[in-house]
Amino acid sequence: MTTGEARTILVVDDDPVFRERLVRALQGRGFDARGAANADEAAADARKDSPERAVVDLRMPGRSGLDVVRELRSIDPTTNVVVLTGYGSIATALEAVRLGATHYLTKPADVDEILGAFDRFAKDASMELPPDHEVASLARAEWEHIQRVLGDCQGNVSQAARLLGIHRRSLQRKLSKYPVPR
């Protein structure tokens, strides 16, 4: 890394083990890395000393990672934000980028992938999608939505089916299928 590159990174994730491991790995790479467990901690930390980079988990109790992106960018528009999630979808990726995130990665992502996302942004500051970008199929979008709802229900198929407005057996049939290709 050159001396002009950003050296401070804020890691915002509600999983304390993941957060601390990522902070230690980033510190091992020479970064001034610190962690925050939720949106309020992240905002308070950024107000004290705005980080040059931030790694933000999308799904956290209380306010979401999208709220964190919005708040970090309002505190300091130059903060470079990468969003991490275990529930990747095109819609949330586009929303994260619209709010100011520079990249979007699905978990599990290691420190090399995260730093690579920051580096890709540094090399190409233009984050606009090309006019011929690939769009997920409707079946893929449905599958991703079902997975998000099922995750919200902690794997309870009956509860997820009620929330989705479909019969439990119909949901079980959809779940038995392999993920739909993009």
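**Exercise 1.** State which residues point each way from strand 4, and whether they are buried or exposed.

*Solution.* Asn80, Val82 and Leu84 point one way from strand 4, while Val81, Val83 and Thr85 point the other way. All of them are buried, where buried means under 20% relative accessible area and exposed over 50%, with partly exposed in between (1.4 Å probe, protein chains only). Strand 4 covers residues 80–85; strands (E, at least two residues) and helices (H or I, at least four) are DSSP runs numbered from the N terminus.

The model is predicted: local features need pLDDT of at least 70, side-chain atom pairs count only at pLDDT 80 or more, and totals for chains, interfaces and linings use all residues. Residues are numbered from 1 along each chain as its sequence is written, and side-chain values use heavy atoms, leaving out hydrogens and water.

**Exercise 2.** Find which strands pair with strand 4.

*Solution.* Two strands pair if DSSP finds at least two bridges between them. Strand 3 (residues 53–57) runs parallel to strand 4 and is joined to it by five bridges. In this pairing, Asp57 stands opposite Leu84. Strand 5 (residues 103–106) also pairs with strand 4 in the parallel sense, over four bridges. Here Leu84 stands opposite Leu105.
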